[in-house]
Amino acid sequence: MAATWLTPGDDLAPVARFLGITPERVSDSEIAASLELCVATAVEQLENRVGPIATTTVTERVESAGPALVLRFRPSSITSWVGMADVSGVLIDGQVVQVSSGRLPAGLVTYTTGWAPDAASVPAWARTAGLLLCRHLWTTQLGNQRANVNTADTPGAAWLWPRQVEALIAGHELAPTVFA
């Protein structure tokens, strides 16, 4: 398993503790593989909704949209923009980037994005949302076989996004980049 901001250093122990899984059970390869899948799914789904948690560099192709456009993620800084000699005049407001005069050129834009520079700095809302989503995925995948839970009687068990997770990510979600 690759290390993520939810399992820094490739360590499943903090997630397992949150789920109430003993270290002995985590050493079982089947349990560990299932837990790794829950973590990977939770991280992927959460980042689909709020963008990268750990700081990363993204390159995306954009079409010219005049003086402003919406990028896929919230940039913290623009590194380069093909067709633009100086990116210092690009203003950033959430996912919206704009210039005060002229047009943003079509082409590749490279920028940094993320909510935290490293795993130790992940905001509490993101870490908690990731853990809650892991717990939800873990409980619903096991049903009543190992978790001693009958998911048919568990409110919200049929939903990928528990309300607690929705509440935690509110205000951090990405804007849609394509409108129907």
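Predicted model: local features only at pLDDT ≥ 70, side-chain atom pairs only at ≥ 80, totals over all residues.
Strands here are DSSP runs of E of at least two residues, and helices are runs of H or I of at least four, both numbered from the N terminus; two strands count as paired if DSSP finds at least two bridges between them. S3 runs antiparallel to strand S6 (residues 107-113), to which five bridges join it. Ile-78 stands opposite Tyr-111 in S6.

Residues are numbered from 1 along each chain as its sequence is written, and side-chain values use heavy atoms, without hydrogens and water. Local features need pLDDT of at least 70 and side-chain atom pairs pLDDT 80 or more, while totals for chains, interfaces and linings use all residues.

Turning to the helix, H3 (residues 29-50) has 22 residues and reaches 31 Å from its first C-alpha to its last, close to the 32 Å expected (1.5 Å times one less than the number of residues). Its buried residues (under 20% relative accessible area, with exposed meaning over 50% and partly exposed in between; 1.4 Å probe, protein chains only) include Ile-31, Leu-35, Cys-38, Val-39 and Leu-46. The buried residues of H3 fall within an arc of 170° seen down the axis, so they line one face of the helix; the arc is taken from the directions from the helix axis to the C-beta atoms. On the other side of H3, Ser-29, Glu-30 and Leu-37 are exposed.

Just after H3, Gly-51 takes a positive phi of about 90°.
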